[in-house]
Structures are given as structure tokens and as C-alpha cells.
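Hi,

Here is the structure I promised to pass on. Have a look at it first, and then read on for what turned up.

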Amino acid sequence: MKCQHCKKKAIFKSPRLCEDHFVEYFERKIGKFLNKYKIKNKKLLVAISGGKDSVAVSYILSKLKEKFNLKIEYFFIRLGIPVFTEKSEEIALKITQMTNEKLTIYDLEKEEGFTIMDIKYKPCSYCGMIRRYILNKYAFENDFDYVVLGHNLDDEVFFIFNNMFNKNITQLQRTGPLTPTIKEKKLVGRIKPLYFLTEEEILTYTKLKSLPYIGCACPNSLKSTQKKFKTNIEFSRDQKLNIVYSILEMKKFLPEEKIEIKFCEKCGYPTTSNICKFCRTKERIRR
């Protein structure tokens, strides 16, 4: 099988590309994303977990920062998961050394008085909430324009189907490559440069560029619904893209998610109740 652009051996089937043209294709996709969503002259907080997705997006944004005049800072949260956190932090430090970007390490236990291991019920869902809270809070307090996440096409397909299975139709309004920043509500927007790229494409890129990444899943996520979904259900790349494109088009006709944003009585950050879930979680752990 030969590359669709030259006669070299193709290392990827769809699109059919050799090593050189695949790297060019992958990086061009990220550049197109930044152009399309006007991510220029921005200050970005890049969430880095040590996985292939966050490593890939961290590396590419560093390569493109001069072209798009970006100010970049990496952000790693030390969650306190034995062995896994230590290995993830090693990866964050390695990619930082490769790119020479600033890295901030946020120690959950030192800053907040608990670790993810203190949460016994559904740690994955709480972990996601805790990371979103900390990223938003740090980004807001340090005047970032956007938080950069490593969510990919496979993640978005799962999000769509999971909400459809649970009849959470209005939740589909939350899918998308970008959410806006609303400073008056202390909400920093999020961008997902890997939104239209599959896990297979991202893994291929990280290997071709010899990027370090943690090769094992978080032990708390091994039995997660998302893990089961990705393992048991297969879609082609084009099918995944069509699912996402269809939902993005359908969003125009879906009812808007009507949520009253308040400010938490304890921490002062956005919530839909009097006390935010992050503060309620801290209180429950301390009891």
C-alpha cells in the first residue's frame, strides 16, 4: 500500500499516508483548527496528564506558538493515585524539557487536603469534576483565554452516545470543539484541538515523533463505561466524523440548556446550587 501523495510505503490506512505526509497532515489539522476558531494572540493553559492525547497537543501547540503568537503554560495536577500519578508526572516533566515551556504542578493533597484515593464512590466522575474545577479556577485567576484539553474524536463519540442512551438530549449542547470564555461568570472557555482526530491517529503521531507518554490506563478507569464502550463498539474514522458533524449540525435545532449560574457560597466560583460540588466533596471527605 503506497502513500496517496507519493510512492513511499503508507503507514496509515485512512488517510493513506507515509510517515512524512502523515506528520504533515496531523500538524496541518491542528493549524486549521486554530485558524478556524481564531486561536491567535491567546494565552493558553494546556492540561497535561501524561497520556498520548495531552502530550500530542502540548507538543504541537509549542511548535505552532510563534506562528499563532500563543503564550503557553502546561498544567499538571498531582492527584495522588499511587504509582500512576508518579509515572504521569515524569511524562509531564519530559515533554516540558522537550518543548522548554513553563510547567505548573498542582498538588491536590497540599492545596486541598485530599487525594482522589480518598473518594471511594465513582472516583472517575469525581476526578473529572475536580480537574475541571481546578483548571478553571487557576485559568481564571491567572488571566488565561482558554484551557486546552486533549479530548479526541473517540471521546466525543462516546459523550454523544452516552447522553443519548441516558436521554440527556440537552447535554448534547455541551459537545463541541470550543466553549466560550465568560469572565463575568468566572468561566474560562475550553478548546479541544484534537476534536476531529481519532485515538489511532494520535497514537501514530506520538510514536512517529518519539514522544513520551504513559502507556497504561488509570487504575480507577479500568471498569469505566467509557472504557467498555470504546472496547466493544467499533466505528470507522469516517463514521465517527459523520456522527460528530451530524450532532454539531443538529445542535442548531436543539433546545438550549437553561441553567441558572450562581456563585458558590464557600469558594465563590460558578455553580448551579448554593454550594458547588467541589466544596461539597471536600466537606464530605473531611467528615
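Before the details, one term: a residue is called buried when its relative accessible area is under 20%, exposed when that is over 50%, and partly exposed in between. Please also keep in mind that this is a predicted model.

Let's start with helix H5, which covers residues 123-141. Its 19 residues span 27 Å from the first C-alpha to the last, close to the 27 Å expected at 1.5 Å a residue. Quite a list of its residues is buried: Pro123, Tyr126, Cys127, Gly128, Met129, Ile130, Tyr133, Ile134, Leu135, Asn136, Tyr138 and Ala139. And what do the buried residues of H5 pack against? Their partners are the strands E1 (43-47), E2 (71-78), E3 (102-107) and E4 (146-148), along with helices H4 (108-112) and H10 (277-286).

Follow the chain just past H5 and you get to Asp143, with a positive phi of about 60 degrees. This residue sits in the loop between H5 and E4. Asp143 counts as exposed because its relative accessible area is 51%, and the cut-off is over 50%. Lys186 also has a positive phi of about 60 degrees, although it is not a glycine. You'll find Lys186 in the loop between strand E5 (178-179) and strand E6 (189-191). With 24% relative accessibility, Lys186 is partly exposed.

Why point these out? Most residues other than glycine have a negative phi, and most peptide bonds are trans. On the peptide-bond side, have a look at the step from Ser14 to Pro15, which is cis, with omega near 0 degrees. Pro15 belongs to the segment before helix H1 (19-36).

Next, Ser88 in helix H3 (residues 84-99). Is Ser88 buried or exposed? Its relative accessibility is 2%, so Ser88 counts as buried. The Ser88 side chain reaches the backbone oxygen of Phe84 at 2.8 Å. Leaving aside residues up to four places away in sequence, Ser88 touches Ser49, Gly50, Phe76 and Ile214.

Last stop, the surface. Met164, Phe165 and Ile169 make up a nonpolar patch there, with about 300 Å² of accessible area together. Of these, Met164 is part of helix H6 (residues 153-165), and it is partly exposed, at a relative accessible area of 41%.

Note on methods: Residues are numbered from 1 along each chain as its sequence is written. This is a predicted model: local features need pLDDT of at least 70, side-chain atom pairs count only at pLDDT 80 or more; totals for chains, interfaces and linings use all residues. Side-chain values use heavy atoms; hydrogens and water are left out. Helices (H or I, at least four residues) and strands (E, at least two) are DSSP runs, numbered from the N terminus. The expected span of a helix is 1.5 Å times one less than its number of residues. Buried means under 20% relative accessible area, exposed over 50%, partly exposed in between (1.4 Å probe, protein chains only). Contact means heavy atoms within 4.5 Å. A polar contact is a pair of N or O atoms within 3.5 Å; within protein, one must be able to donate a hydrogen and the other to accept it, and residues adjacent in sequence count only if both atoms are side-chain atoms. Patches are made of residues with over 30% relative accessible area and no salt bridge: like charges are joined within 9 Å, nonpolar side chains (Val, Leu, Ile, Met, Phe, Trp, Tyr) within 5 Å. Accessible areas come from the Shrake-Rupley method with a 1.4 Å probe; for residues, only the protein chains shown count as cover. A salt bridge is a side-chain nitrogen of Lys or Arg within 4 Å of a carboxyl oxygen of Asp or Glu.
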